[in-house]
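Please read these points with the structure open beside you.

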Amino acid sequence: MKLFYLAFAGVLYLASFAGDAFAQSGDTLTIQLKNGPVVIQLMPDVAPKHVAQIEALAKKGEYDNVAFHRVIEGFMAQTGDVKYGNMEKSFDASLAGTGGSELPDLPAEFSKTPFVRGTVGMARSQDPNSANSQFFIMFADGSFLNGQYTVVGKVVSGMENVDKIKRGEGQNGEVSNPDRMIKVTVGKK
């Protein structure tokens, strides 16, 4: 009987660790678009610093009303410039995509997680350690990005709403009168 109790205590002990791991990876980011919600499963186990920064910005309402300033058909939709991209406060089409947030830039957290349709990655400049607040959602596979950009999550529902985001013009995908993230919230799956 004593062996049974020891085994049971061991199972409970292991279950408590499994519960902590599940709680950590259970965070979602919900983006309300004009056509409906997009739910992103965040990956703190892959990019803990980047996920923490996105969650902090979302909880402060920094992503609300921020434009999808760069959208390229067959590639991705980019958003998250909280400095110049807020369409109700500081929107500047000529600067959207050049700003970040008041939080510091982040060191790269590259991984083996591939860029496929629905992957959410952090935008950055030429400097690998320059990601801040901007991110992009992949319309299609983009293996050429693998290991060069930080993956922070994946769309688990609402990809049909991502597909309806207004596309940009030209090679850089600049969008005139862009769609926006109406409201962005953090939750548990």
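**Notes on the predicted model**

1. The largest nonpolar core has 31 residues, and those with the most contacts inside it are Ile31, Ile40, Tyr63 and Met181. Several elements, namely S1, S2, H2, S6, strand S7 (135-138), strand S8 (151-157) and H3, each supply at least two residues of this core. The largest share, four residues, comes from H2. Please bear in mind throughout that this is a predicted model.

2. Leaving aside neighbours within four places in sequence, Met181 is in contact with Ile31, Gln32, Leu33, Tyr63, Asp64, Asn65, Val66, Phe68, Thr79, Gly80 and Phe135.

3. Met122 is found in strand S6, which runs over residues 119-122. Is Met122 buried or exposed? Met122 has a relative accessible area of 1%, and because buried means under 20%, Met122 counts as buried. Not counting residues up to four places away in sequence, Met122 touches His50, Ile54, Ala131, Asn132, Ser133, Gln134, Phe135, Phe136, Tyr149, Thr150 and Val152. Met122 and Ile137 are 15 residues apart in sequence, and their C-alpha atoms are 9.1 Å apart in space.

4. Two asparagines call for a check of the backbone. Asn65 has a positive phi of about 70° although it is not a glycine, and Asn65 lies in the loop between helix H2 (48-59) and strand S3 (66-67). With 16% relative accessibility, Asn65 counts as buried. Beyond residues up to four places away in sequence, Asn65 touches Gly85, Asn86, Met87, Glu88, Arg180, Met181 and Ile182.

5. Asn177 also has a positive phi, of about 50°, although it is not a glycine. Asn177 is found in the loop between helix H3 (159-162) and strand S9 (180-181). Is Asn177 buried or exposed? The relative accessibility of Asn177 is 62%, and because exposed means over 50%, Asn177 counts as exposed.

6. Lys34 is exposed, with a relative accessible area of 57%, whereas Asp179, at 12% relative accessibility, counts as buried.

7. Arg167 forms a salt bridge with Glu73, and here the closest N and O atoms are 2.8 Å apart. Arg167 lies in the loop between H3 and S9 and Glu73 in the loop between strand S4 (70-72) and strand S5 (76-79), so the pair ties together parts that are 94 residues apart in sequence. Arg167 is partly exposed, with a relative accessible area of 22%, and Glu73, at 57% relative accessibility, counts as exposed.

8. Glu88 forms a salt bridge with Arg180, with the closest N and O atoms 3.4 Å apart. This pair, too, links distant parts of the chain, with Glu88 in the loop between S5 and S6 and Arg180 in strand S9, 92 residues apart. Glu88 is exposed, with a relative accessible area of 57%, and Arg180 is partly exposed, with a relative accessible area of 27%. Both Glu88 and Arg180 are among the residues that Asn65 touches.

9. The last point concerns the pocket. The largest pocket has a volume of about 600 Å³. Which residues lie nearest the centre of this pocket? Of the 29 residues that line the largest pocket, His69, Arg70, Gln78, Gly97 and Gln134 lie nearest its centre. By class, the lining has 11 nonpolar, 14 polar and four charged residues. Gln134, one of the residues nearest the centre of the pocket, is also among the residues that Met122 touches.

Conventions: Residues are numbered from 1 along each chain as its sequence is written. This is a predicted model: local features need pLDDT of at least 70, side-chain atom pairs count only at pLDDT 80 or more; totals for chains, interfaces and linings use all residues. Side-chain values use heavy atoms; hydrogens and water are left out. On a 1 Å grid over the protein atoms alone, a cavity is a set of points where a 1.4 Å probe fits but cannot get out, and a pocket is an open set with protein on both sides within 12 Å along at least five of seven lines; lining residues have an atom within 4 Å of a point. Grid points are joined across faces, edges and corners, and a volume is the space filled by probe spheres set on the points. Ala, Val, Leu, Ile, Met, Phe, Trp, Tyr, Cys and Pro count as nonpolar, Asp, Glu, Lys and Arg as charged, and the others, Gly among them, as polar. Buried means under 20% relative accessible area, exposed over 50%, partly exposed in between (1.4 Å probe, protein chains only). Contact means heavy atoms within 4.5 Å. A salt bridge is a side-chain nitrogen of Lys or Arg within 4 Å of a carboxyl oxygen of Asp or Glu. A nonpolar core is a set of buried Ala, Val, Leu, Ile, Met, Phe, Trp, Tyr and Cys residues joined through side-chain atoms within 4.5 Å.
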